Amino acid sequence: MENARHTMLLVDDTEINLDILEGIFEADFIILKALNGKQALKVLKSQKVDIVILDVVMPEMDGFGVLEAMKEDPALADIPVIIATADEGENEERALLNGADDFIKKPYNPVAVYKRVENILVKHVLEREKLKDALNNSKMEFQSLADSVPGGISVWKAEDKISVRYYNDGWCELMGCTPERFAEKYAEDLSKVIYPPDRERVMGALLADSKPGRSVHLEHRIVRDDQEVRWVNLSAVHYKTEDGAPIYRAVDIDVTSSKENEILAEQRNVELRHILEHDSLTDVYNRYGFCTRTSSFLKDHPDEKYVIMQLDIERFKVVNELYGIDVGDKVLCTLAECLKKHLEGIGVFGRFEADHFVMCIPDDREFQEHVRTTLQSQMADMGLRHEIDLYFGIYPITDRDMSVELMCDRAQLALESIKGNYNQNYIIYDDIMNQKVLLEQEITNEMEWALEGGQFQVYIQPIYSLKENCLVSAEALVRWFHPEKGMISPGDFIPFFEKNGFIVKLDAYVREKVVELLAAVKKQGKRSVPVSVNLSRLELYDPDFCNKLVGLIENYQVSPEYLRLEITESAYTDNPQQLLDTIGVLRKYGFDILMDDFGSGYSSLNMLKEVPVDILKLDMRFLAGNDVFGREASILASIVHMAHDIGMATVAEGIETEEQASFLKKIACEYGQGYYYSRPIPSEKFLELLDSGTHAEGRRASGSKA
Ligand code: C2E
Ligand code: CA
Ligand code: CA
């Protein structure tokens, strides 16, 4: 044997045999000797031995006993053993079966013995080398595999900490540090790298009632060595348990960029959803958002009672026109802020469009009152010159199967029933309102036929000179005599006809009747007084309106100064330029224009500067009762005064008492109209009135022209 000196253990109870073998091998081997099996094992366990020559027959423990003990001990099992035996046959076979590598016969033939030992050693060394190679190869393969994985591979024990037993370079890369740094700082407890908010979740998953074979897949964040936070995807398999703690093989992959994309997509989603559900100006829910949220809100609170409350600003358009869009927007945002402040966590709220807000709040009268007064006082705090009035329509939710849209419609219906009403700013929906809708439906079905069938009649209400106390003009007011329902007053159908457009047809009819009446007065030689007709704002949009009107009076040969035209200021706020143009043309033809219901809106004073009307009609019904000394009374006085300053006459309408009449006279208002003088009367009666004299209460005064 060359170079390496191997160690050989010779075991025999006969010393002479030991000496013979020592003689054969001592030149090339380090020789150890044992006289029995027990001694042999002791030597084997205490030092490295490369080959054993073992005598079969020995006292205490024979050769087979030693062989067996060696094969059972993993540290010794691979050491080649040659059995030395005196008798052939049975022992040889037994030796080979028990794992001996070869046998030699006594007495020893030195050449053969040496050759056999040499063969065995060579074969053994070769095998070992091969094994080592194979092991190295597979280790290298594993390492390259482990290193080619874009992430960390590790084996660790999970307890209250994570003690690492193996990790690849990928882990160091993941952590952004050198392997040395990793070993020093993280290997002892890998749980330190988990981003603290995620720690409980991750450790919980790893320790949760784990059994071998169970795997854990989750995404969590880690804090790199440079403190950067990254997302990893962890796949760990619990492959065995030690001291009751799971040992995991794990792969961690950096998924930060895809996670970031996912988060970005999620954020985008949230943003889109926000846009879809929110109003861009005020950032409260829009119609869609409000309806969907309210629907789930009601499901989440099945045992409480709620109402839908709609909110509108009276003549919001005017605010925009007077103060500009910015101030208008500020009003809306102030309302939205106020809703946020008082309703967050209590109910749902939103803005449907323009000045139209809606909320779903507890069915608690006191709370609703609180919301209404708070919002209203918020408006007052804005310090605008004109008071901003809010109107509320309330629908108590009784049937939760009804769609939220329908609930809102009902609250809106309630609201619309009080809009423009000066002494009521909220109303609760009830079924009568629903019946009103049905009535409106009936009216639509019947109106055309009613007009053709002569169910509409023109009544005339005289207008008196307050000073002279005599009839000076009149106003035409329409009445509907329905065959079943009886007399329907215009308040019940005019607003509706304005909505569906039928008013244009009806007004044309009324005008024709009035012109017919004026022609009859003239023909019969009675004293003529001007009669005014109400113009719907819809007519002002008709470019042919002036021509038609002129055609009408020419046809009946009536002079234009006898047909007066009443318009309301809302026509001005709707479309100021259009109104100014039309008025200009009408006045050029010789028609007098009356501004109806003056003082009921916000734009009144402002508008007066621009719209050239001839007469102002002031509605006395806005005067609370008979209080002719209050604040409203002095406002009225200054309006009359101002009207005179710019060359306009004034008519007070709705005069019901003598106090009102004398007050108006005192403040130099010229004309009066109202039940105190006369109710609206059929046109035949009016003709008679013209005959019988034109003085109110029999007091005589000379005729005057209003
Ligand atoms: P308006 O033009 O302001 O008409 C005056 C209303 O006040 C009339 O109600 C009249 O009957 C009522 N009135 C008169 N004196 C008194 C009084 O002393 N006390 C009270 N409480 N009320 C008084 P009416 O006839 O019910 O008409 C309501 C509204 O319907 C009118 O208000 C007008 O805007 C509209 N309207 C009436 N007829 C026509 C029409 O032929 N065409 C158009 N477009 N609108 C009409
Ligand atoms: Ca009128
Ligand atoms: Ca009026």
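This is a predicted model: local features need pLDDT of at least 70, side-chain atom pairs count only at pLDDT 80 or more; totals for chains, interfaces and linings use all residues.
Good morning, colleagues. Let us begin with ligand 1. The shell around ligand 1 holds 21 residues, and those that come nearest are Gln461, Arg479, Asp507, Glu656 and Tyr675.

As for cover, ligand 1 taken alone exposes 790 Å², and the protein buries 86% of that.

Which elements of the fold supply this shell? Two or more residues come from each of β17 (471-482), α16 (490-500), α17 (502-523) and β21 (593-598). The most is given by β17, with 4 residues.

The largest nonpolar core has 79 residues, and Phe456, Phe493, Phe497, Leu506 and Leu664 have the most contacts inside it. To this core α17 gives the most, namely 10 residues; α17 is also one of the elements in the shell around ligand 1. Let us take Phe497 as an example. Beyond its neighbours up to four places away in sequence, Phe497 touches Ile443, Met447, Phe456, Trp480, Phe502, Ile503 and Leu506. There is also a second, separate core of 28 residues, with Ile313, Val331, Cys338 and Phe392 among them.

Cys360 counts as buried because its relative accessibility is 0%, under the 20% limit. Leaving aside neighbours within four places in sequence, the residues in contact with Cys360 include Phe290, Phe297, Tyr306, Val348 and Ile397. How far is Cys360 from Gly63 in space? The C-alpha atoms of Cys360 and Gly63 are 98 Å apart, and the two residues are separated by 297 residues in sequence.

The next topic is Thr582, in helix α21 (residues 576-588). Is Thr582 buried or exposed? Thr582 is buried, with a relative accessible area of 10%. Apart from residues up to four places away in sequence, Thr582 touches Leu540 and Cys546.

Finally, some remarks on backbone geometry. Most residues other than glycine have a negative phi, and most peptide bonds are trans. Against that background, three places may be noted. Glu60, which is not a glycine, has a positive phi of about 65°. Glu60 lies in the loop between β3 (51-55) and α3 (63-72), and it is exposed, with a relative accessible area of 69%. Gln227 also has a positive phi, near 75°. The loop between β8 (215-223) and β9 (229-242) holds Gln227, which is exposed at a relative accessible area of 55%. The peptide bond from Lys106 to Pro107 is cis, with omega near -10°, and Pro107 lies in the loop between β5 (102-105) and α5 (110-148).

Thank you for your attention.

Technical notes. Residues are numbered from 1 along each chain as its sequence is written. Chains are lettered from A and ligands numbered from 1 in the order in which they are written. Side-chain values use heavy atoms; hydrogens and water are left out. A residue is near a molecule or strand if one of its heavy atoms lies within 4 Å of it. Accessible areas come from the Shrake-Rupley method with a 1.4 Å probe; for residues, only the protein chains shown count as cover. A nonpolar core is a set of buried Ala, Val, Leu, Ile, Met, Phe, Trp, Tyr and Cys residues joined through side-chain atoms within 4.5 Å. Buried means under 20% relative accessible area, exposed over 50%, partly exposed in between (1.4 Å probe, protein chains only). Contact means heavy atoms within 4.5 Å.
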